[in-house]
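Please consider the protein structure shown below.

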Amino acid sequence: MSEPGAPTRRPGWLVASFVAAAFAGTIAVGGLWALAATVETGIGSTWRVITGAGAGVVFWSWIAAGCWRHAHEPEPGPYEPAPVPRSRAFVAANVVLALLFTALVAGGLWAGVESARETQRLDLIEHRVMVAARAADVTVDSLRDLSSDRQVWIAQGWGDEPSDDPDPGDLLLPVDGASVADVAVEETENRAAVLFRPHEGPPCVVLDVDSHGLLSTRTTNNC
C-alpha cells in the first residue's frame with residue numbers, strides 16, 4: 001500500500017484521460033475540416049464552426065485534465081476526510097451527458113459541411129442551366145414548342161412500340177448533372193418554366209422565363 005501523501009497511478013483514470021484526449025483531438029480535426037470546407041465554399045458561418053468545435057475541444061480537454069489529475073493525485077492521509085463516493089447511476093448519467101454533448105457538436109459540424117456542399121452543388125447546377133438556356137436562346141415561344149414536343153415524346157413512350165428517341169428537353173437544354181423533368185407554360189401571363197431534376201437527387205432547379213425573355217433560376221423541393 002502507498003504511504004499517505006505519496007503519488008500513485010490509477011489505471012482506470014489514466015485510460016479515461018487518454019479517451020478524453022482522443023475525443024478532444026478528434027473534435028479539433030473535425031473542426032478544422034469543417035472550417036476548411038466552409039471557407040472554401042464561402043457558405044455557412046465560420047464563427048459557428050469555430051465556437052462549436054472550440055467548445056467541444058475545451059470540454060474534453062477539461063475532462064482529460066481532470067482524469068489525469070485523479071490518476072496521479074496522492075493517497076489521502078489517515079486523518080483527512082474520505083471523499084464522498086459516487087454512485088454508478090451518477091457516473092453513468094455524466095457519461096451519457098458527455099456523449100450527448102459530443103454528438104451535438106459533431107452533428108452541428110457535419111450539418112454545416114453538408115449544407116455548404118449541398119448549396120455548392122445546386123449553385124453549380126443553376127449555373128449550368130443558365131449557360132444552356134442562354135446558348136439555346138430560350139424564349140417563352142421556344143418553350144411552348146418544347147412542351148408540345150415533349151408531350152408527343154411522352155405519348156410515344158406509352159405506345160406499343162416505345163421510341164428510343166432522347167428527351168427533346170435534354171436536346172434543347174443539355175445540362176451536365178441534371179435532366180429536364182417538366183416544362184410548363186402559363187398562357188395568361190405569357191411565361192414559362194422548366195424543371196430540372198439533378199442526377200444526385202432533389203432539390204430541383206427551375207428555369208423561369210418571363211414575357212420579356214428574362215431568365216432566372218431558383219430551387220424547389222417540389223420535384
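Apart from its neighbours within four places in sequence, Arg121 is in contact with Pro198, Glu200, Gly201, Pro202 and Pro203, where contact means heavy atoms within 4.5 Å. Arg121 is found in helix α3. Helices (DSSP runs of H or I, at least four residues) and strands (DSSP runs of E, at least two residues) are numbered from the N terminus. With a relative accessible area of 15%, Arg121 is buried. Here buried means under 20% relative accessible area, exposed means over 50%, and partly exposed lies in between, with a 1.4 Å probe and protein chains only.

This is a predicted model, in which local features need pLDDT of at least 70 and side-chain atom pairs count only at pLDDT 80 or more, while totals for chains, interfaces and linings use all residues. Residues are numbered from 1 along each chain as its sequence is written, and side-chain values use heavy atoms, with hydrogens and water left out.

Arg121 also takes part in a salt bridge with Glu118, the closest N and O atoms being 2.6 Å apart. A salt bridge is a side-chain nitrogen of Lys or Arg within 4 Å of a carboxyl oxygen of Asp or Glu. Why can these two residues be described as separated by about one helical turn? Glu118 and Arg121 are three residues apart in helix α3, which means that about one helical turn separates them. An α-helix has 3.6 residues a turn, so residues three or four places apart point the same way. Glu118 counts as partly exposed, at 29% relative accessibility. A network of salt bridges links Glu118, Arg121 and Glu200.

At 56% relative accessibility, Leu97 counts as exposed. Together, Val96, Leu97 and Leu100 make a nonpolar surface patch of about 290 Å². Patches are made of residues with over 30% relative accessible area and no salt bridge; like charges are joined within 9 Å, and nonpolar side chains (Val, Leu, Ile, Met, Phe, Trp, Tyr) within 5 Å.

The view may now be widened to the chain as a whole. The protein chain has five helices and four strands, and along the sequence these follow the pattern α-α-α-α-α-β-β-β-β. Of its 223 residues, 29% count as buried. Among the contacts with a separation of 6 or more, 58% are between residues 24 or more positions apart. The accessible surface of the chain comes to about 14,300 Å², and 61% of this belongs to carbon and sulfur atoms. Such areas come from the Shrake-Rupley method with a 1.4 Å probe, and for residues only the protein chains shown count as cover.

The expected span of a helix is 1.5 Å times one less than its number of residues. Helix α2 has 27 residues (residues 46–72) and should therefore span 39 Å; its end C-alpha atoms are 39 Å apart, which agrees. The buried residues of α2 include Val49, Trp60 and Cys67. For Cys67, the relative accessibility is 8%.

How many disulfides does a search of the whole structure find? The search finds one disulfide, where the term stands for a pair of cysteine sulfur atoms within 2.5 Å. A disulfide is a covalent bond between the sulfur atoms of two cysteines. In this model Cys204 is joined to Cys223, with 2.1 Å from S to S. The link is right-handed, with 135° about the S-S bond. Cys204 lies in strand β3 (residues 204–209) and Cys223 in the segment after β4 (215–220), so the pair ties together parts that are 19 residues apart in sequence. Cys204 is buried, with a relative accessible area of 0%, whereas Cys223 counts as partly exposed at 33% relative accessibility.

The side chains of Asp208 and Arg218 meet at 2.6 Å, N to O. This pair links distant parts of the chain, with Asp208 in strand β3 and Arg218 in strand β4, 10 residues apart. Asp208 is buried, at a relative accessible area of 17%, and Arg218 is partly exposed, at 40%. In the whole structure, a search finds nine salt bridges. One of them joins Glu186 and Arg191, whose closest N and O atoms are 2.9 Å apart.
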